[in-house]
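Thanks for asking for a second pair of eyes on this one.

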Amino acid sequence: MSSVFIPAASADRGPDDGISKTPNMHHLANIPKQGPLAGPDALNSDWAFQGKYAFGGNYEGFTVYDISRPWKPKVVTVVHCPGSQNDVSISGDLLFLSTDSSRSDDSCQSVSKPASDKSAWEGIKIFDISDVRNPRYVKAVETKCGSHTNTLVPGKRTAYIYVSSYRPDGTYPDCQPPHDLISVVKVPLENPTAAHVAAEPVLFPDGGNPGDPPDTEWPNGTSATSGCHDLTAYPEKDLMAGACMGDGVLFDISDPLEPRTITSVRDDENFAFWHSATFNNRASKIVFTDELGGGGAATCNAEVGPEKGANAIYDIVGKGKRAKLKFRSYYKIPRHNTDAENCVAHNGSLIPVKGKDIMVQAWYQGGISVMDFTNSRNPKEIAWFDRGPWSEELNIAGSWSAYYYNGFIYSSDIQLGLDVIDIRDRRTDKAKRVRLGELNAQSQPNYFD
């Protein structure tokens, strides 16, 4: 197993043409995509952070940035290793990379291969990043239906990687229906070459949401549940929130190899595809997102309206196995986009303000929104940043993931690269005092307790 490394490079701040924003959002820097990760089909995806470095996934590999000076970030290394989505997680000296496209083999020189071919490969790749300038590929673990996203549950000696994937097919030898499970990869941190699939817990023994017929008129259809799109763990609380296509789920992960469903919810009226989830710091609320249109449609317009393709905010009511999810409100960006802008509720993270529930979130070409959901029945936008249309025609573009890390917002723009934004607002300024050594947004830290 080998990978291709591109020499370190840096770029000046990109042009601000087309940007509109609230006065409290200050655009500090932009670095365009680099080398083989720069093409229009090489989509930037998710983030992980460690120390002074940001690790950005891309459908063609991943990039390591030095963000010690957020106003002047630098590219440290570009790793060319094709395989969508290439979402990333970090634990110590290890980086975990999701491959959710069928490949000829598990190398970084693989080419596309039909999923109907038994020899095709998908799963998790593991890199040693002890030398960030020269990441070393050390292990691959094949999983059923690949790895669309991955979620880290850390430990002192062992890390567990929850692999989310979905949409099986009877013609796929390794991804057969009903696929109502996740794969749990156990990684001995001192011996990552021994990583393996340790469990495949079935999360939906009843089959989950049956969904609407495929010919249901858009945007009124609900996806059938055939796996999970994204799982967000809160390890300190032994909890996990599952965004599982047709279901939103709260899990107990006190035994990491056997997640147990506490409660689940459905919203067949307004939710098309349960995509991702974020806890508040007290783990008394969950913000679920709806990926209406799969991220490729213009859903932030008057025609679609304010409830479809929105966030849904739920309170967690009750304790332990008696807990229930109670719907409180929807939140959608309060600006109408053009029909040339794909817009969807996508990945975000908390801005750690004690006593408040505030999160920053990416909305593809809807831009970046900062939402205060302290009152879960009345969420409000307090800041936003928007680049405007990428082109005159509908294309995949905009902010995929926008996360707050050590005082700044880092946005992974699908086409335009890394953006760094400083939010200066009395409601969020205290968050600048909170410092982390590592952040995987799908493995939420406890900021204050």
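1. A disulfide here is a pair of cysteine sulfur atoms within 2.5 Å. Please keep in mind that this is a predicted model. Cys-81 and Cys-108 meet that cut-off, because their sulfur atoms lie 2.0 Å apart. The link of Cys-81 and Cys-108 is left-handed, with -80 degrees about the S-S bond. It connects distant parts of the chain: Cys-81 sits in the loop between β7 (74-80) and β8 (85-91), while Cys-108 sits in the loop between β9 (94-103) and β10 (121-128), 27 residues apart.

2. How many disulfides does the structure hold overall? There are 4. If you count the bonded cysteines along the chain, they pair in the pattern 1-2, 3-4, 5-6, 7-8.

3. Another disulfide joins Cys-145 to Cys-175, with an S to S distance of 1.8 Å. The link of Cys-145 and Cys-175 is right-handed, with 100 degrees about the S-S bond. Cys-145 is found in the loop between β11 (136-142) and β12 (149-153), and Cys-175 in the loop between β13 (158-164) and β14 (183-188), so this pair ties together parts that are 30 residues apart in sequence. Both ends count as buried: Cys-145 has a relative accessible area of 6%, and Cys-175 has 8% relative accessibility.

4. Next comes the disulfide between Cys-300 and Cys-343, at 2.0 Å from S to S. Its torsion about the S-S bond is about -65 degrees, so the disulfide of Cys-300 and Cys-343 is left-handed. Because Cys-300 lies in the loop between β21 (285-290) and β22 (311-317) and Cys-343 in the loop between β23 (324-331) and β24 (348-350), the pair ties together parts that are 43 residues apart in sequence. Cys-300 and Cys-343 are both buried.

5. Now to the charges. The structure holds 14 salt bridges, and Asp-422 takes part in two that I would like to point out. With Arg-424, the Asp-422 side chain meets at 2.8 Å, N to O. With Lys-432, the closest N and O atoms of the salt bridge are 2.5 Å apart.

6. How accessible are Asp-422 and its two partners? Asp-422 counts as buried, at 8% relative accessibility. Arg-424 is partly exposed, with a relative accessible area of 44%, and Lys-432 is also partly exposed, at 27% relative accessibility.

7. Asp-425 deserves a point of its own. This residue is placed in the loop between β30 and β31, and its side chain meets that of Arg-427 in a salt bridge (2.8 Å, N to O). Asp-425 is buried, with a relative accessible area of 9%, whereas Arg-427 is partly exposed, with 33%. A separate group to look at is Arg-387, Asp-413 and Asp-419, which salt bridges with shared partners join into one network.

8. Which residue lies 8.5 Å from Asp-425, C-alpha to C-alpha, yet 400 residues away in sequence? That residue is Met-25.

9. Finally, have a look at the surface. Lys-52, Arg-69, Lys-72, Lys-74 and Arg-133 gather there in a patch of positive charge. One of these, Arg-69, lies in the loop between β6 (61-66) and β7. Arg-69 is partly exposed, with a relative accessible area of 38%. Patch members need over 30% relative accessible area, so Arg-69 clears that cut-off with its 38%.

Note on methods: Residues numbered from 1 in each chain as written. Predicted model: local features only at pLDDT ≥ 70, side-chain atom pairs only at ≥ 80, totals over all residues. Heavy atoms only, no water. Helix = DSSP H or I, 4+ residues; strand = E, 2+ residues; numbered from the N terminus. Buried < 20%, exposed > 50% of the residue type's maximum accessible area, 1.4 Å probe, protein only. Salt bridge = Lys/Arg side-chain N within 4 Å of Asp/Glu carboxyl O. Patch = residues over 30% accessible without salt bridge, like charges linked within 9 Å, V, L, I, M, F, W, Y side chains within 5 Å. Areas by Shrake-Rupley, 256 points an atom, 1.4 Å probe, with all protein chains shown as cover. Lys, Arg positive; Asp, Glu negative; His and termini not counted. Charge placed at Lys NZ, Arg CZ, Asp CG, Glu CD.
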